[in-house]
Every structure is written in C-alpha cells, then in structure tokens.
Amino acid sequence: MQAEQRLIAIGDLVLSDRRYQITRPENTDRIANAIQGAGLINPPIVQAGQHGYILVAGFGRASACLNLQWRHIACRVLAGTTSPLDCLKIAVADNALTRQLNLAEQCRAVAKLREFCENARSLSALLEPLGLFIAPQLVEKLYRLFELPEDVQNATALNHISLNTALSLESIDRTSAEAIAGLFKSLRPTVNQQQEIFSGLHDLARLEETAIDRLLKIPEFAYILDSADLDRGLKLQRLRTAIRRRRYPTLSRAENAFHRRKRSLQMEAGMDLKPPANFEDTTFTMMMRFSSTRQLCRQAECLGRICEHPDLKAILNKEIEDS
Amino acid sequence: MKIRRIYIDADAADDPVTEQVCRRIGLPVKRVNHPVEIYQQISASPDPEAAGKSVLLLTRNKGRFIRDCPGTTHYTCCGYQILHVGAYCSMDCAYCILQAYYHPPVLQFFTNHDELNEQLQSFFDQGVVGRIGTGEFTDSLIWEPLFPLAQQLVERFSRQDTGNLELKTKTAAVDDLLAISHNRKTIMAWSLNTQTVIRHQERATAGLSARIEAAEKCQASGYPLAFHFDPMILYPGCHADYEAVVHLLFARIDPANIVWISIGSFRFMPELKEVIARRFPDSTIIYGEFIKALDGKMRYFKPLRIRMYRWLIDRIREKAPDVLIYFCMEDEEIWEKALGFTPAAHGGLARMLDERAASMCGLNGRVQTR
C-alpha cells in the first residue's frame with residue numbers, strides 16, 4: 001500500500017461517499033471516547049477524489065472526529081493510482097484483520113467485490129488473505145442477501161433472522177420482507193419458529209391474495225402484536241396459534257373439538273388419549289401410567305365408563321362441527 | 001407436441017420404431033451413447049420440467065414393460081397394471097407428479113416393441129383377468145402423432161379375451177381409433193376436472209367439452225368408457241363447478257357405457273410444492289389445507305376429503321345410480337364414510353374392478369383374489 005500521512009481539513013472529507021464502506025458504525029461515542037483518551041492511533045485511509053477526499057477505511061473514526069469538532073484530521077492518503085479493487089481490499093483488510101465482521105458487513109464486502117471476480121470461488125480466494133474467510137457456498141448466499149432490504153440484512157447480522165429464513169424472503173415483496181424482519185426482531189422466534197411463521201404467512205398471503213405486511217395488519221394478528229399486556233413470549237405463542245388457526249381452519253377446529261371432548265371424558269390422573277397424527281389414521285392411543293394397583297383399578301373403572309361415553313364415540317368418529 | 005430435438009439412444013438406433021418415428025417427425029436427430037448428456041443439458045435449463053417436454057429421447061425400455069402400479073403404503077390401490085410404453089407428457093399440468101418423479105423429466109418413447117409384444121403375449125397367456133393401461137407415466141394418446149401405438153394396442157387387445165386395455169387421456173384425439181375393431185377390450189378413459197381447474201392448472205390439454213365430445217364419439221363407436229375425477233381440487237366455488245362437470249358428462253354419455261368412475265383428490269410429494277410454486281406462480285393449489293399423510297404425501301385434511309367425495313358421489317348417483325365408483329389411493333375409513341362400504345366386503349378393490357371389467361368388456365379369464 002502506497003500511502004502518505006497528511007493532515008487534512010475535516011471538511012475536505014466526502015463522508016457521503018460510501019463506495020468503500022464495509023461497516024456502518026451505529027454509535028461513534030465509544031470511538032470518540034477512545035480518541036479523546038489516547039488520540040487517533042490509527043488514522044483513516046483516504047484517496048483524493050474530484051470533490052475532496054474519499055474515505056477508504058475509518059468511517060467510524062472520521063465521524064467520531066467530526067463529532068469531537070476537530071478541524072483537521074491525520075489521514076493516510078493513498079496514491080491516486082491505487083485501483084478501486086485495491087482500495088476495496090484495503091477497506092476489507094482494515095476491518096477484518098482487527099475484528100470478526102458480522103454477516104451484514106461480510107455481505108457488503110462480498111457485494112462490493114463481486115464485479116471484480118469471475119465467480120464465488122475466486123471471490124472467496126480473494127478474501128482469504130484479507131482476513132475474511134467465507135466459503136464459496138456462503139459467498140453465493142451473501143450475494144443474494146445483499147439484494148434483500150437493508151433491514152433484513154441487519155436483522156440477519158444480529159441473528160434475529162437465520163440466513164436461510166432471510167433468503168426465503170426473496171420470494172416476497174420488499175415491504176413484506178421488511179415487515180417480517182421487524183416482526184422477528186421484536187419477537188425473536190427460534191429458527192424453526194421463523195420457518196413456521198414465514199411459511200404460514202406466505203401461504204396465507206397467497207391464498208388470500210394479499211401481501212404479508214397487509215396480512216399482519218388484520219385485526220386477528222394486529223390485536224396480538226399491538227397488545228401492551230402481552231410479553232414477547234406470549235405474543236409469539238399467540239401469533240403462531242393464530243396463524244395456524246387461519247391457515248388450517250378445519251384441522252384447528254378438529255383439534256379443539258378433540259380436546260373439548262377429551263376433557264369431558266374426565267379421565268383419571270395418569271390416563272391420556274392421543275389422536276392419530278393429523279387425524280389421518282384411525283388408530284387412537286390410550287396411555288395409562290400408574291404406580292399402584294389401587295390407581296390401576298381406578299383407571300380401569302374409568303376406562304369402562306368412558307367406553308360408553310358419547311364423546312368417545314364422537315372422538316373416534318372424528319366429528320367436527322361446521323364452522 | 002412441440003418437440004425441438006430428437007435424441008436416439010445408441011441401443012435403439014436400429015429398431016424399426018425409431019426409424020418410423022424419425023420419418024414422421026422430420027427433425028434432425030442426434031445419436032447418444034448415454035442419455036446422461038441429455039439429462040445434464042435439461043437440468044441446466046432454468047425450467048428443466050418445460051425443457052424436458054421439447055426433447056424426445058427414443059430409447060429401449062430396459063426394464064419390464066408390464067409392471068404393477070407403484071401404489072403407496074396405507075392406502076388402497078386398484079391393482080391396475082402399467083404398460084410402460086413411454087415417459088413424461090407433452091401437456092403441462094400444475095399438479096403433475098411426473099415433474100418431481102423423474103430427475104430430470106424427459107419425453108421418452110420406448111422402441112423395443114418386439115419385447116413389448118412378447119410380454120403382452122405372456123400377460124394374455126396367463127388366462128387371468130387383468131386391467132392394464134398406458135396412462136400412468138404418460139398420457140395414453142399423446143404419442144399417436146409420432147407412432148400409432150394406441151391403435152396397434154387396441155387392435156392387439158381385441159384379439160384376446162383375458163385382459164382389458166385402458167387408454168387414459170386429457171386429449172380429444174380419438175378420431176384414428178374410431179374405426180378400429182376393438183371388440184370392447186379397450187376402455188377409453190378421460191381425466192375430468194372443472195373448467196376452472198382445466199383453464200388454470202392444465203396447460204395444453206383439451207377443454208372439458210372437447211374431452212366429453214371425444215368420449216361421446218368413442219361411445220358411438222361402441223367403446224366402453226371410464227372417467228377419472230382425479231385430482232379433485234378444493235377452491236371457492238368448486239362444488240358448483242364439479243356439479244356442472246357431472247351435468248355435462250351425463251347429458252352426453254349413457255351411464256350404461258361407463259365401466260367405472262374413479263375419484264381422488266390432489267395429493268403430492270412434498271418436493272412437488274417447490275416445483276409448482278416455481279413453474280405455476282399464479283397457482284394456489286398447493287396452499288390448501290394439506291396435512292402430511294401416512295405415506296408421506298401431502299393430502300387434504302381427511303374430513304375435507306370425505307365431505308368433497310360424498311358431495312360428488314351424491315351428484316353422480318343422481319344421474320347414474322348404478323355406476324361403479326371407486327377411490328384412487330384412499331383408506332377404508334374414506335370408503336366407509338363416503339361410499340358406505342369397504343372393498344374388503346367385496347373381495348377387495350382389485351377383484352371388484354376385475355369383475356366389472358369382465359362383465360363390461362366380455363373377458364373370460366379367471367378373476368383372482370389379490
């Protein structure tokens with residue numbers, strides 16, 4: 001890297017030019033405190049451009065110095081002959097060699113370098129000496145992630161959405177993808193729950209010919225999501241139930257009817273009745289757990305009684321009331 | 001058929017059928033030593049399922065021509081036998097299982113008809129009543145413009161009296177079959193669905209009226225007939241639409257000429273969902289109330305199937321009280337609740353259908369309990 005250290009008027013930095021930016025520092029106070037305490041140990045790297053100096057690395061440091069109302073800042077100025085590819089490599093290495101980049105940052109690095117590489121494999125090889133180890137398969141996924149709204153990228157970087165769930169959002173409109181990112185950010189579902197919620201909402205939106213963001217605003221879901229009385233866990237649980245009830249109305253009614261009738265059987269403690277999966281098969285399972293002959297006798301007596309119970313007959317006939 | 005390229009498997013190059021097909025189509029052909037290169041080319045296409053419909057591979061059937069219907073576990077199969085004359089289909093139905101059954105799917109027509117004829121003769125020589133059809137891995141009539149196989153089979157079956165051939169189709173291309181002496185040993189069968197389903201989910205198939213008109217022509221030529229309401233698809237307004245199909249059918253077709261009507265609902269291997277979503281983005285058939293059934297396939301929640309079947313059966317019974325109705329791949333609970341009996345009470349579904357075929361098609365073979 002050919003660079004010359006110079007003191008530059010801070011107003012000459014073109015902070016709005018983000019062509020080489022890999023990180024997006026949310027809060028520069030921490031950096032500002034460090035600079036105030038120990039000085040600017042590692043000056044930003046810049047390159048002279050038509051309208052001033054373009055930042056290559058050190059966006060956080062430059063912003064912190066601006067906030068500290070410095071008038072001048074020491075910078076390492078790259079030779080004008082340094083190519084855009086080399087500038088990007090410097091930007092990546094400056095960040096990746098000091099800390100682990102999160103998924104959104106990796107995504108940005110990959111997207112910016114993509115045009116210089118023939119394929120994912122060569123891009124992966126290019127990144128390795130810069131301190132960024134990304135397998136070619138992941139590079140392919142990051143290309144796709146970069147095409148998604150920034151909210152989705154950030155939610156993925158913060159682990160609020162798994163990468164695979166995020167990539168499923170490619171199939172929906174951007175507003176809905178942002179709505180899902182917001183929903184997962186606030187409810188923090190597990191990976192399996194993310195897939196279940198997304199798949200349920202996606203299928204419902206297709207069936208009802210609407211978009212997911214609009215679907216989330218219907219009273220049935222909005223009531224849960226906007227409730228001030230429910231904590232995160234309860235909201236998540238109720239939302240999943242509401243989605244399932246709307247997606248599988250007949251199956252949900254059958255499950256409710258089964259549980260209501262099962263309760264009416266008033267089985268003894270230790271007894272349980274299980275329906276066949278999805279009520280598809282005809283075999284039900286009765287379980288009896290007991291620890292004494294007295295308990296077993298009570299269960300046996302109960303078993304005789306429920307065999308005559310009309311609700312058991314209704315259960316076995318899989319009767320469901322019409323909606 | 002919109003075939004753009006013909007490939008000939010080296011093994012099939014000298015078969016007379018190959019020569020005849022190539023002469024009829026008149027497209028340049030490419031000889032291949034192994035079909036893998038065709039598969040690779042098709043797999044690389046953005047829509048392999050569509051690409052496979054534009055390529056014809058003439059090859060030899062290296063397995064058996066006559067095989068049992070694969071059926072599935074836990075559900076009652078009709079015991080139909082498949083005459084495996086070719087694979088895949090030039091029509092393009094959203095729900096078609098063949099899209100996910102072959103990897104990748106390619107139109108294949110088998111050319112070793114000498115072996116086909118030998119195996120058919122063995123089938124006839126057993127002296128056992130058997131139902132055999134070509135419409136499982138392909139449509140029975142799409143190949144006729146390339147090679148008159150259905151015509152030859154109808155003629156062949158007419159000269160024996162132990163088995164019947166069922167030609168199952170969604171086309172209306174029956175004109176070449178009408179004058180053939182069939183001796184009632186061939187059942188002409190149509191897959192029926194509502195106008196809405198045909199319009200939106202069955203690309204390049206004949207319309208409902210055209211299918212029924214074709215059936216009517218076959219009826220006039222003395223062919224026994226069959227109809228398959230499969231796959232029934234649930235959507236708002238579907239009941240009225242299926243009623244209209246029943247009405248149209250019996251306005252033109254005499255129930256006394258119908259050997260059987262089968263009913264089945266849309267079911268699919270889970271991997272087909274992605275294919276349908278990709279290839280038929282406007283289709284919503286995969287978003288119904290499906291559950292994973294006992295054989296791993298997705299099926300409508302059982303009470304929905306029972307309700308839909310009962311309703312259709314009532315409509316059919318109003319027009320044709322005595323016609324034999326059976327379910328394709330359903331369990332005893334469905335039979336009992338929708339039809340009021342189970343096949344076991346009649347010696348099993350295969351036997352029920354064998355006896356019906358024997359009486360309607362004049363078969364003299366032994367009816368076996370299977």
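The entries below follow that order.

**Entry 1: the interface.** I kept in mind throughout that this is a predicted model. I began with the contact between the chains, and found that 20 residues of chain A touch 25 residues of chain B. I then looked up the area buried between chain A and chain B, which comes to about 1700 Å², with carbon and sulfur atoms giving 50% of that figure.

**Entry 2: polar and charged pairs.** Across the interface of chain A and chain B I noted 3 salt bridges, together with 13 residue pairs in polar contact, counted where both residues have pLDDT 80 or more. I looked up one of the salt bridges in detail: Glu280(A) pairs with Arg305(B), and their closest N and O atoms lie 2.8 Å apart.

Entry 3: I next asked which helices of chain A each supply at least two residues of the side that touches chain B. They are α10, residues 191–207, and α14, residues 249–264. The largest share comes from α14(A), which contributes 5 residues. Sorting the residues on this side of chain A by class, I recorded 8 charged, 7 nonpolar and 5 polar.

**Entry 4: α9 against α10 in chain A.** I noted the crossing of α9(A) and α10(A) as right-handed. From α9(A) the contact is made by Ile180(A), Leu183(A) and Phe184(A), and from α10(A) by Gln194(A), Ile197(A), Phe198(A) and Leu201(A). By class this contact has 6 nonpolar residues and 1 polar residue, with no charged ones.

**Entry 5: the loop between those helices.** I then checked the loop between α9 and α10 of chain A, where Arg188(A) is placed. Arg188(A) has a phi near 50°, a positive value although the residue is not glycine. I wrote this down because most residues other than glycine have a negative phi, and, for the next entry, because most peptide bonds are trans.

**Entry 6: cis peptide bonds in chain B.** Where do Pro104(B) and Pro231(B) sit? The bond from His103(B) to Pro104(B) is cis, with omega near -5°, and Pro104(B) lies in the loop between α4 (98–101) and β8 (107–110) of chain B. The bond from Asp230(B) to Pro231(B) is also cis, with omega near 10°, and Pro231(B) belongs to strand β13, residues 225–232, of chain B.

Methods: Residues are numbered from 1 along each chain as its sequence is written. Chains are lettered from A and ligands numbered from 1 in the order in which they are written. This is a predicted model: local features need pLDDT of at least 70, side-chain atom pairs count only at pLDDT 80 or more; totals for chains, interfaces and linings use all residues. Side-chain values use heavy atoms; hydrogens and water are left out. Contact means heavy atoms within 4.5 Å. Buried area is the accessible area (1.4 Å probe) that two parts lose on being put together, summed over both. A salt bridge is a side-chain nitrogen of Lys or Arg within 4 Å of a carboxyl oxygen of Asp or Glu. A polar contact is a pair of N or O atoms within 3.5 Å; within protein, one must be able to donate a hydrogen and the other to accept it, and residues adjacent in sequence count only if both atoms are side-chain atoms. Helices (H or I, at least four residues) and strands (E, at least two) are DSSP runs, numbered from the N terminus. Ala, Val, Leu, Ile, Met, Phe, Trp, Tyr, Cys and Pro count as nonpolar, Asp, Glu, Lys and Arg as charged, and the others, Gly among them, as polar. A crossing is left-handed if the near helix is turned anticlockwise from the far one by less than a right angle, and right-handed if clockwise.
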